[in-house]
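Subject: Handover of a structure and the findings from it

Dear colleague,

Please find below the structure that I am passing on to you. My findings follow it.

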Amino acid sequence: MSVINLGPDPNLVYQPNRTPKSQRKDFRNFETGSVAEHVYNTYKLMHTNQNVDFVKRKHLEWSGCSHTEMSMMDAVMSLDQLVDESDPDVDFPNSFHAFQTAEGIRNEHPDKDWFQLVGLIHDVGKVMALWGEPQWAVVGDTFPVGCAFQNSIVFRDSTFQDNPDDTNPSYKRLTILLKLTYFSCIVFVSSKYGIYKPNCGLDNVLLSWGHDEYLYRVLQFNKCSIPEEGLNMIRYHSFYPWHSQGDYMYLCNDKDLRMLPWVNEFNKFDLYTKAAELPDVKKLCPYYQSLIDKYCPGILKW
């Protein structure tokens with residue numbers, strides 16, 4: 001595997017020439033703009049309802065891939081019907097963003113066709129929103145449940161007060177039994193780890209349920225041949241508190257740290273290829289269909 005040099009903050013590296021410098025600071029602006037209210041409301045519902053019990057139920061409901069069968073390109077094109085309510089940067093259907101991301105990667109990494117395909121399909125898990133899931137259970141930044149919610153999470157200070165896990169001592173404290181000479185006592189010590197062990201690895205951490213984990217499960221279930229680096233890009237591209245804020249490193253193992261540069265390399269295309277100029281999807285489809293045929297062929301179970 002080739003190694004990508006971390007270098008400077010990837011969010012500041014790749015920004016297409018068509019994006020004016022004066023506007024670059026406006027990406028992921030959760031404070032101002034005409035979309036701010038509905039974006040906030042989506043996160044408020046997410047941060048109220050996404051807890052350990054909810055995430056476990058969604059894993060059981062969706063990981064069996066028994067909802068429907070269709071090709072990957074059909075799934076991509078179905079995103080014509082979806083505008084992401086959590087995204088402050090775009091107000092056009094998600095399918096256009098898919099091709100924008102893929103083309104940005106294709107320009108910079110012409111030799112990595114699997115990476116280009118990841119750009120195309122990374123948001124396909126959002127089809128859950130077309131099948132009845134509310135968007136707060138599909139879109140938006142992901143975060144660990146079962147441990148303390150960190151300040152790096154979007155709207156942390158104002159959206160978690162009604163989440164039952166935020167006041168559950170089992171998820172916020174570490175229990176220590178002290179054995180002294182004449183008696184024993186239980187002491188509750190504040191802990192950021194919650195139900196997890198230090199450096200347990202993100203494979204063992206429950207993240208809030210959404211399109212990242214769902215698509216990752218679909219690809220695994222159907223034995224698609226996308227490399228591990230690409231699967232991790234898909235699984236963690238919305239985990240902004242980790243890959244962009246540097247938080248939750250205390251849950252990561254060596255594998256996670258090896259994958260982090262790849263996730264960051266993907267993130268700069270996911271974020272900075274968004275533009276009002278929409279791609280010619282009809283012209284691009286034959287090329288990307290060839291990549292689908294190589295890595296995710298035929299009819300898949302979803």
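Helices, given as H or I and at least four residues long, and strands, given as E and at least two residues long, are DSSP runs numbered from the N terminus. In those terms, asparagine 199 lies in the loop that runs between strand E3 (184–190) and helix H8 (211–221). Please note that this is a predicted model.

Overall content

The protein contains 12 helices and 4 strands. It has 302 residues, of which 57% count as buried. Among the contacts with a separation of 6 or more, 78% are accounted for by residues 24 or more positions apart.

The largest nonpolar core comprises 81 residues. Met72, Leu120, Ile121, Leu219, Cys296 and Trp302 have the most contacts inside it. Helix H12 (residues 281–295) supplies the largest share of this core, with 7 residues. As a general point, nonpolar side chains in soluble globular proteins tend to be buried together.

Helix H12 also packs against helix H5 (residues 113–121): their axes come within 10 Å and cross at roughly 105 degrees. Angles of 65 to 115 degrees count as roughly perpendicular, and H5 is therefore roughly perpendicular to H12. On the H5 side, the residues that meet H12 are Asp113, Trp114, Gln116, Leu117 and Leu120. On the H12 side, they are Tyr287, Tyr288, Leu291, Ile292, Lys294 and Tyr295. Divided by class, this contact of H5 with H12 has 8 nonpolar, 1 polar and 2 charged residues.

Tyr288 has a further partner in glutamate 103, and a polar contact of 2.5 Å joins the side chains of these two residues. Glutamate 103 belongs to helix H4 (residues 94–108). With neighbours within four places in sequence left aside, glutamate 103 is in contact with Leu284 and Tyr288.

Helices H8 and H9

How do the two helices pack? Their axes are 7 Å apart, and the angle between H8 and H9 is about 150 degrees. Angles over 145 degrees count as roughly antiparallel, so H8 and H9 are roughly antiparallel to each other. From H8, Asp212, Glu213, Leu215, Tyr216, Arg217 and Leu219 take part, and they meet Leu231, Ile234, Arg235 and Tyr236 of H9. The residues of this contact of H8 with H9 comprise 6 nonpolar, no polar and 4 charged.

Two residues with positive phi

Asparagine 199 has a phi near 55 degrees, a positive value in a residue other than glycine. Lysine 223 likewise is not a glycine, yet has a positive phi of about 55 degrees.

Serine 170

Serine 170 is found in helix H7 (residues 169–172). With a relative accessible area of 47%, serine 170 is partly exposed. Its contacts, apart from neighbours within four places in sequence, are with Gly194 and Ile195. Serine 170 and cysteine 147 are 23 residues apart along the chain, and their C-alpha atoms are separated by 8.5 Å.

Yours sincerely

Note on methods. Residues are numbered from 1 along each chain as its sequence is written. This is a predicted model: local features need pLDDT of at least 70, side-chain atom pairs count only at pLDDT 80 or more; totals for chains, interfaces and linings use all residues. Side-chain values use heavy atoms; hydrogens and water are left out. A polar contact is a pair of N or O atoms within 3.5 Å; within protein, one must be able to donate a hydrogen and the other to accept it, and residues adjacent in sequence count only if both atoms are side-chain atoms. Contact means heavy atoms within 4.5 Å. A nonpolar core is a set of buried Ala, Val, Leu, Ile, Met, Phe, Trp, Tyr and Cys residues joined through side-chain atoms within 4.5 Å. Buried means under 20% relative accessible area, exposed over 50%, partly exposed in between (1.4 Å probe, protein chains only). Axes are lines fitted to C-alpha atoms, for helices over the stretch in contact, and angles run from 0 to 180 degrees between N-to-C directions. Angles under 35 degrees count as roughly parallel, over 145 as roughly antiparallel, 65 to 115 as roughly perpendicular and the rest as oblique. Ala, Val, Leu, Ile, Met, Phe, Trp, Tyr, Cys and Pro count as nonpolar, Asp, Glu, Lys and Arg as charged, and the others, Gly among them, as polar.
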